[in-house]
2 protein chains.
Amino acid sequence: MHLVREIGVLKKIIRQYKKKGVIIGFVPTMGYLHEGHLSLVRIAKKKSQFVVVSIFVNPTQFGPREDLQEYPRALKKDLSLLRREDVDLVFYPTVKTMYPTDYKTYVEVQDLGKVLCGISRPSHFRGVTTVVLKLFNIVEPDIAVFGEKDYQQLIIINRMVKDFNLNVKIFGGMIIREKDGLAMSSRNIYLNQRQRRDAVVLYQSLQWIKHAFKNGLFNTSKAIEEIEKMISKRGGKIDYIEAVDKNTLKSVEILKKGTLVTLAVYFGKTRLIDNIVL
Amino acid sequence: MHLVREIGVLKKIIRQYKKKGVIIGFVPTMGYLHEGHLSLVRIAKKKSQFVVVSIFVNPTQFGPREDLQEYPRALKKDLSLLRREDVDLVFYPTVKTMYPTDYKTYVEVQDLGKVLCGISRPSHFRGVTTVVLKLFNIVEPDIAVFGEKDYQQLIIINRMVKDFNLNVKIFGGMIIREKDGLAMSSRNIYLNQRQRRDAVVLYQSLQWIKHAFKNGLFNTSKAIEEIEKMISKRGGKIDYIEAVDKNTLKSVEILKKGTLVTLAVYFGKTRLIDNIVL
């Protein structure tokens with residue numbers, strides 16, 4: 001497994017493989033890997049011949065009062081997990097390498113980045129699209145895999161790829177959950193025991209709405225009101241719960257097959273996200 | 001010479017050449033070609049083995065009260081000029097091809113796009129960087145050539161290439177002038193005879209400042225005051241005249257070797273730009 005910190009070194013290695021026509025797969029991560037990440041790596045392994053994983057806690061996607069400093073890091077463990085998955089190359093650049101002092105250039109995706117998570121995290125998706133575009137230009141992957149837990153991110157990345165005519169195909173990987181249903185997230189480590197137990201209500205509420213929809217509940221506000229109650233009862237402080245069109249991210253009044261129900265909820269200081277497509 | 005309107009078709013052709021290791025050169029233009037453009041094509045011919053020229057009047061770089069509709073077009077003549085230069089491929093997409101109805105994604109270069117031309121044309125450079133990034137992703141050039149008449153544009157493109165880690169090398173082509181010194185521009189066609197005669201003062205004033213600097217004039221405001229007078233006398237309405245650092249585009253109080261003196265001046269409704277590096 002190649003371990004690379006420098007962009008120039010990475011580009012040189014990639015070029016050699018590309019010249020031979022090797023299909024490059026890519027999974028960008030912020031490290032502190034769990035089964036969710038590894039499931040994306042396995043998709044990349046299936047769809048390509050040389051898999052690159054990046055580990056980079058990207059400062060431009062954190063707001064000024066967010067958890068950039070505390071964000072959990074565990075490089076050694078991450079590398080051993082990736083080695084076990086037979087990953088070909090891990091790219092883990094420094095912040096200075098990715099954003100030199102005079103850095104000035106950003107990607108803006110209109111509308112899609114201003115709803116849902118974009119309301120409480122106004123510059124988040126600008127940071128995500130910027131770092132992903134940079135990583136795409138560095139790694140030059142043929143395919144890249146993103147998790148569906150960050151569904152809005154996946155939609156926005158897809159939009160960027162289409163709008164900028166990028167030469168990469170995007171695949172989504174389904175949400176991987178703990179045994180009790182909580183969506184895996186590097187941020188779950190922040191939860192205390194009580195919060196960890198309560199947080200399962202996110203999954204339960206999404207399951208509830210799925211079944212209620214199957215049984216004929218189509219009224220969005222009624223459905224959301226119900227799960228707001230469920231979540232509040234367990235101590236969750238709701239950032240948003242919305243039912244939206246899964247392509248445009250626009251709110252829908254009537255639940256339909258294909259509607260995305262998505263939420264962000266605080267347990268203590270920890271903000272968790274989850275979603276389901278009806 | 002390949003003539004291509006569709007992105008998919010272009011990508012297919014380019015891939016075939018890239019597979020063989022052919023070096024791709026690229027000159028993006030808005031058409032209505034003159035010797036300035038052709039000089040860039042000749043640079044591209046020297047630096048690469050397969051030259052692509054794009055002709056696309058890019059709507060996103062025009063402001064709402066600017067000359068998008070009137071911008072001169074002459075495709076047939078352009079193609080014959082490019083054929084004569086032995087260009088390998090001309091890409092002339094429609095607006096719908098480049099910007100489908102639900103288009104949402106833009107490049108923002110901070111600071112550099114907000115000074116000089118960016119003051120009277122606030123979204124201009126956003127449009128330029130966006131279309132250039134798209135064209136780079138479509139054409140996948142190894143090298144690309146931009147004119148130094150749009151010096152600010154060249155600086156901003158270079159910044160984008162560096163910040164986004166793009167795999168293209170940028171070359172600048174020097175300003176090509178009419179016999180009397182007026183910088184060649186597709187917009188010169190807008191000038192009436194009187195304005196055409198008067199507009200030469202832009203070149204003359206830049207020559208004056210160059211010689212004054214050589215003879216010991218270092219005070220920026222004095223120098224600029226002087227050429228403002230020269231230009232106003234000939235009926236030019238000044239948008240800006242500034243002396244700036246040629247990398248940061250920040251104003252300098254003292255003229256130095258390497259200082260960029262750059263101006264935008266209206267003759268009637270026609271806005272012309274020109275510059276000189278001391």
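How many residues does the contact take from chain B and from chain A?

## Interface between the chains

The contact takes 22 residues from chain B and 22 from chain A, two residues being in contact if their C-beta atoms, placed from the backbone, lie within 7 Å. The model is predicted: local features need pLDDT of at least 70 and side-chain atom pairs count only at pLDDT 80 or more, while totals for chains, interfaces and linings use all residues. Residues are numbered from 1 along each chain as its sequence is written, and chains are lettered from A in the order in which they are written.

On the side of chain B that touches chain A, at least two residues each come from β5 (105–109), α6 (124–139) and α7 (151–163) of chain B; helices (H or I, at least four residues) and strands (E, at least two) are DSSP runs, numbered from the N terminus. β5(B) gives the most, with five residues. By class, this side of chain B holds eleven nonpolar, five polar and six charged residues. Here Ala, Val, Leu, Ile, Met, Phe, Trp, Tyr, Cys and Pro count as nonpolar, Asp, Glu, Lys and Arg as charged, and the others, Gly among them, as polar.

## Strand pairing

Strand β5 (residues 105–109) of chain A pairs with β5(B) in the antiparallel sense over five bridges; pairing requires that DSSP find at least two bridges between two strands. Within β5(B), B:Y106 is the bridge partner of A:E108.

## Domains of chain A

The domain assignment, which is automatic or from a database, gives chain A domain 1 (2–173) and domain 2 (186–277). Their centres, taken over C-alpha atoms, are separated by 26 Å. Between them, 14 residues of domain 1 are in contact with 13 residues of domain 2. On the domain 1 side, α5 (117–120) and α7 (151–163) of chain A are the elements that give two or more residues. That side divides into ten nonpolar, three polar and one charged.

## Helix α10 of chain B

Helix α10 (residues 220–233) of chain B has 14 residues and reaches 20 Å from its first C-alpha to its last. In α10(B), the buried residues (20 or more other C-beta atoms within 10 Å of their own, C-beta atoms being placed from the backbone) are B:T220, B:A223, B:I224, B:I227 and B:I231. Seen down the axis of α10(B), these fall within an arc of 90 degrees, so they line one face of the helix; the arc is that of the directions from the helix axis to the C-beta atoms.

The buried residues of α10(B) pack against α9 (200–214), β8 (237–245) and β9 (259–267) of chain B.

Terms used. Expected span 1.5 Å × (residues − 1). Buried ≥ 20, exposed ≤ 12 C-beta atoms within 10 Å, placed from the backbone.
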